[in-house]
Amino acid sequence: MLSTSSSGLLQSVAERIVARHLVVAGHANVQVLAEHPAAQQWQGVDISYTENGARVKLKVKPDAYFGSDPTKVYDRTLTFYRADAGHYAFEAISNAATGTPGWVVESDAEYLYYYYLVLSQSEDEITALMGEPDGIFFSELRVDRDELRVLPMAGVAQWFALNYEAYTPRPVAVAGHSAWYRLVPRMDIDTAVAGIKMVGPVFHATAL
């Protein structure tokens with residue numbers, strides 16, 4: 001798994017891309033909640049938008065284990081280019097010391113935007129791009145491969161509650177404490193949870 005700082009950067013990149021994808025798709029009032037702390041009134045929600053007068057709530061989960069180029073996989077300067085592992089990573093416990101449930105259990109989101117995303121740039125380059133306006137960010141970010149999947153959060157949470165013990169827990173260091181994830185093969189979820197939408201690549205369609 002990625003380090004805490006790396007995970008935070010990848011999360012910010014993914015949220016920016018997904019938010020732009022939603023705007024391009026015609027959704028109204030798209031809001032990245034990390035940019036508006038006062039608007040963060042839900043747990044485990046990263047983005048919201050308006051549809052039919054109501055707010056639709058999304059959890060964005062980026063995953064850099066989707067790379068297909070062996071040379072880039074073994075390049076240690078490319079933090080966000082990992083070999084395709086063929087699984088979803090679900091946070092079951094967000095804090096091992098307190099036993100606080102993870103987002104797959106507690107999220108108020110209606111949809112999980114699971115975003116596989118591999119980048120062929122160093123963390124420093126990506127960090128610098130995050131400070132640039134959209135025109136520069138989307139034209140200069142090097143996305144080698146991406147795929148967005150939209151999963152109904154209620155269906156995932158229900159399935160997870162019944163099946164998580166079949167999958168080995170894996171500790172992840174997060175902000176000075178340990179969280180616990182379960183790595184679930186994609187096929188296990190895709191064949192068991194109804195209503196999953198395979199959106200496919202979205203980055204290049206968002207480029208300005």
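In the predicted model, Tyr-114 touches Lys-61, Asp-63, His-87, Tyr-88, Ala-89, Phe-90, Glu-147, Leu-148, Arg-149 and Leu-151, residues up to four places away in sequence being left out of the list; contact here means heavy atoms within 4.5 Å. Because the model is predicted, local features need a pLDDT of at least 70 and side-chain atom pairs count only at pLDDT 80 or more, whereas totals for chains, interfaces and linings use all residues. Residues are numbered from 1 along each chain as its sequence is written, and side-chain values use heavy atoms, with hydrogens and water left out.

Tyr-114 also belongs to the largest nonpolar core, which has 32 residues and in which Phe-90, Tyr-114, Leu-151 and Ile-189 touch the most other members. Strand E6, helix H3, strand E8, helix H6 (153-163) and strand E11 (177-185) each supply at least two residues of this core. A second, separate core comprises 30 residues, including Ile-47, Val-56, Leu-148 and Val-202. A nonpolar core is defined as a set of buried Ala, Val, Leu, Ile, Met, Phe, Trp, Tyr and Cys residues joined through side-chain atoms within 4.5 Å; buried denotes under 20% relative accessible area, exposed over 50%, and partly exposed in between (1.4 Å probe, protein chains only). Helices (H or I, at least four residues) and strands (E, at least two) are DSSP runs numbered from the N terminus.

Across the whole structure, a search finds eight salt bridges, each defined by a side-chain nitrogen of Lys or Arg within 4 Å of a carboxyl oxygen of Asp or Glu. One of them pairs Lys-57 with Glu-110 at 3.7 Å, N to O; since Lys-57 lies in strand E3 (residues 54-63) and Glu-110 in the loop between helix H3 (103-106) and strand E8 (111-119), the pair ties together parts that are 53 residues apart in sequence. Lys-57 is buried, with a relative accessible area of 14%, whereas Glu-110 is partly exposed at 36%.

Arg-149, a contact of Tyr-114, meets Asp-190 in a salt bridge of 2.7 Å, N to O. Arg-149 lies in strand E9 and Asp-190 in helix H7 (residues 186-190), so this pair ties together parts that are 41 residues apart in sequence. Arg-149 is buried, at 10% relative accessible area, and Asp-190 is partly exposed, at 23%. Salt bridges that share partners join Asp-84, Arg-145 and Arg-186 into one network.
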